[in-house]
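Colleague: Can you walk me through this one? I want to start with the terms, then go to the ligand.

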Amino acid sequence: MSAIDDLPPLREVIASHGLSARKALGQNFLLDLNLTAKIARQAGDLRGTDVLEVGPGPGGLTRGLLSEGARRVLAVEKDPRCLPALAEIAAAYPGRLEVIEGDALAINALERLTPPIAICANLPYNVGTELLVRWLTPPSWPPVWDSLTLMFQKEVAERIVAQPGSKAYGRLAILAQWRCDVQIAMHLPPEAFTPPPKVSSAVVHLRALPEPRFDADAKTLERVVAAGFNQRRKMLRASLKSLSPQIEDHLVAVGIAPTERAEQVSVEGFCALARRLA
Ligand code: SAM
């Protein structure tokens, strides 16, 4: 019996189902169920909430989410070897766990859930950023989900919460902080995972704001931010020139010096510029 439920410890699950970790699938498993329950708690009170989990693997975080009271967990897993282990969890929590075998990038799992919805995942590193950007850029705001609680390698987590003036500040920080409250909720050393990855990790918690922090057209904002950070060493009057021949005038009009670089401009500044250019 394990620390949080009546199922076997994860080492036994992995051994009995032959789940040797595959690097190509970003498989670094969490085997400490106290830790996975703690990660689940970072998502807030899950009672009455549907949870989308990407990449449940042998089910450590899945068990944490269920033991913390999630109304329902929908888990998308690409590795068919994990399905029998996940079926045992589904049997222990009748009617509360559904597993879809497939690529999370190709499946719109969110449409199968009922709000309130939380997304919680120890993401495969190779698809983590792409999924985050998709969740942050739905056609309209607020999104169907209320919060994202996601494991990233530490450098990516730092990019999400970065402030202007820092090296980590860029597109991810602006996309995330424009429409969410963001914070790093936990730091995890490589040894927390089996096998240990080369890098440290961190759990980031993002809570969707009812409306974006500052008014701006999403597509225009994305274009301005992409142009600014594609050439982040250049002054804005040069890096943004392709957006408008009068870019210097527009920058001055919204209170940004044309000689500044993108990494010095706040989210508010980028939104003001996007409004002016829209
Ligand atoms: N959640 C488990 C844990 O915390 O121990 C496993 C996390 S492991 C870092 C990432 C998981 O994502 C693996 O189980 C892997 O098979 C799965 N995975 C990788 N690429 C995926 C994709 N495109 N769609 C869905 N799952 C994927």
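Modeller: First a term. Buried means under 20% relative accessible area, exposed means over 50%, and partly exposed is in between, with a 1.4 Å probe and protein chains only as cover. His205 is buried, since its relative accessible area is 10%.

Colleague: What kind of model is this, and how are residues numbered?

Modeller: This is a predicted model, where local features need pLDDT of at least 70, side-chain atom pairs count only at pLDDT 80 or more, and totals for chains, interfaces and linings use all residues. Residues are numbered from 1 along each chain as its sequence is written, and side-chain values use heavy atoms, with hydrogens and water left out.

Colleague: Back to His205. Where does it lie?

Modeller: His205 lies in strand β9. Helices (H or I, at least four residues) and strands (E, at least two) are DSSP runs, numbered from the N terminus. His205 is 161 residues from Gly44 in sequence, and their C-alpha atoms are 9.7 Å apart in space.

Colleague: Now the ligand. Which residues come nearest?

Modeller: Leu30, Gly55, Glu77, Asp103 and Asn122 come nearest, out of 20 residues around the ligand. Near means that a heavy atom of the residue lies within 4 Å of the molecule.

Colleague: How do the shell residues divide?

Modeller: Eight are nonpolar, seven are polar and five are charged. Here Ala, Val, Leu, Ile, Met, Phe, Trp, Tyr, Cys and Pro count as nonpolar, Asp, Glu, Lys and Arg as charged, and the others, Gly among them, as polar.

Colleague: What is 2.6 Å from an oxygen atom of the ligand?

Modeller: An N or O atom in the side chain of Glu77. A polar contact is a pair of N or O atoms within 3.5 Å; within protein, one must be able to donate a hydrogen and the other to accept it, and residues adjacent in sequence count only if both atoms are side-chain atoms. Gly57 also has a backbone N or O atom 3.4 Å from a ligand oxygen. On the nitrogen side, a polar backbone atom of Ala104 is 2.9 Å from a nitrogen atom of the ligand.

Colleague: How much of the ligand does the protein bury?

Modeller: The protein buries 99% of the 590 Å² that the ligand exposes when taken alone. Those areas come from the Shrake-Rupley method with a 1.4 Å probe.

Colleague: And which elements give two or more residues to the shell?

Modeller: Those are β1 (29-30) and β3 (72-77).

Colleague: Change of topic. Which peptide bonds are cis?

Modeller: One joins Trp141 and Pro142, with omega about 5°. Another runs from Thr194 to Pro195, with omega near -10°. Most peptide bonds are trans. Pro142 lies in the loop between α5 (125-136) and β6 (147-153). Pro195 is in the loop between β8 (193-194) and β9 (201-208).

Colleague: What lies 2.9 Å from the backbone oxygen of Pro195?

Modeller: A polar atom of the Asn28 side chain. Asn28 sits in the loop between α1 (10-17) and β1. At 18% relative accessibility, Asn28 counts as buried.

Colleague: Last one. Is Arg41 buried or partly exposed?

Modeller: Arg41 is partly exposed, because its relative accessible area is 45%. Arg41 is found in helix α2 (residues 33-42). Its C-alpha atom is 22 Å from that of Gln27, 14 residues away along the chain.
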